[in-house]
Amino acid sequence: MLAPLSFVGLGSNLDEPPRQLRSALQALGRLPDCELLAVSPFYRSAALTPPGDARPQPDYCNAVAALRSPLDPEALLSCLLDIERAHGRERRAERRWQPRPLDLDLLSCGSHTIARPNLCLPHPELASRRFVLQPWADLAGAFTAPGLAPVAVLLRRLTDQPLSRWRE
């Protein structure tokens, strides 16, 4: 039986962001019984900030990875959080929208739909985030996460400016 197809969003805006993403991708490729299938190009995006907060942040480097994994969504999420911690991320100590060395989001995992405090699938904000949809469309624009339109259709619905590729 073929393991479910999962998509992971990657982002970093601290400590050499492209290096952080490359290191995280290597860690994803080493997960037990997982196969890293493809990785999008790296894109540059402005950091999201809370309303009224004008403090500057470095731009993010973003990508999306496709993998096959027999792990259930909770176990896969646990692995992603372990990889984040290994890269210096401390979720308990940070506020939302704070700069971070690594952010890994489980975007979709097979046909799972989950709505729990610690895990929502598909990711609840993916349809409004160009920094997720643009790299994801490079990999699998025709893919439809459960209950949503194809990734390429979601991307076309956005009205903000396209992202540029990350240049090192």
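Contact here means heavy atoms within 4.5 Å. The model is predicted, so local features need pLDDT of at least 70 and side-chain atom pairs count only at pLDDT 80 or more, while totals for chains, interfaces and linings use all residues. Residues are numbered from 1 along each chain as its sequence is written, and side-chain values use heavy atoms, with hydrogens and water left out.

**Exercise 1. Find where Q134 sits and which residues it is in contact with, leaving aside neighbours within four places in sequence.**

Step 1. Q134 belongs to helix α3; helices (H or I, at least four residues) and strands (E, at least two) are DSSP runs, numbered from the N terminus.

Step 2. Q134 counts as buried because its relative accessibility is 11%. Buried means under 20% relative accessible area, exposed means over 50%, and partly exposed is in between (1.4 Å probe, protein chains only).

Step 3. Beyond four places in sequence, the contacts of Q134 are Y43, L155, P162 and L163.

Step 4. Q134 and L163 are 29 residues apart in sequence and 7.6 Å apart in space. Q134 and I83 are 51 residues apart along the chain, with 24 Å between their C-alpha atoms.

**Exercise 2. Describe the surroundings of L163, again leaving aside neighbours within four places in sequence.**

Step 1. Locate the residue: L163 is in the loop between α4 (151–157) and β8 (164–165).

Step 2. With 19% relative accessibility, L163 counts as buried.

Step 3. The contacts of L163 are Y43, R44, S45, R130, F131 and Q134.

**Exercise 3. Compare the length of α1 with its expected span, then list its buried residues.**

Step 1. Helix α1 covers residues 17–29, which is 13 residues. The expected span is 1.5 Å times one less than the number of residues.

Step 2. From first C-alpha to last, α1 reaches 18 Å, close to the 18 Å expected.

Step 3. Buried in α1 are P17, P18, Q20, L21, A24, L25, A27 and L28. Their cover includes β1, β2 (35–39), β4, α2 and β5.

Step 4. Look at the loop between β1 and α1, where D15 is placed. D15 has a positive phi near 55 degrees although it is not glycine, and at 49% relative accessibility it is partly exposed. E16 is in the loop between β1 and α1 as well; its phi is near 60 degrees, also positive in a residue other than glycine, and at 54% relative accessibility E16 is exposed.

**Exercise 4. Determine how many disulfides there are, and check C34 and C79.**

Step 1. A disulfide is a pair of cysteine sulfur atoms within 2.5 Å. The count is zero.

Step 2. For C34, the nearest cysteine sulfur is that of C79, 6.6 Å away, and C34 is in no disulfide. C79 is in no disulfide either.

Step 3. Both residues are buried: C34 has a relative accessible area of 12%, and C79 is at 16%.

**Exercise 5. State the volume of the largest pocket and describe its lining.**

Step 1. On a 1 Å grid over the protein atoms alone, a pocket is an open set of points where a 1.4 Å probe fits, with protein on both sides within 12 Å along at least five of seven lines; lining residues have an atom within 4 Å of a point.

Step 2. The volume of the largest pocket is about 800 Å³, taken as the space filled by probe spheres set on the points, which are joined across faces, edges and corners.

Step 3. The lining has 34 residues, and R91, D103, D105, H123 and R129 lie nearest the centre. Strand β5 gives the largest share, five residues.
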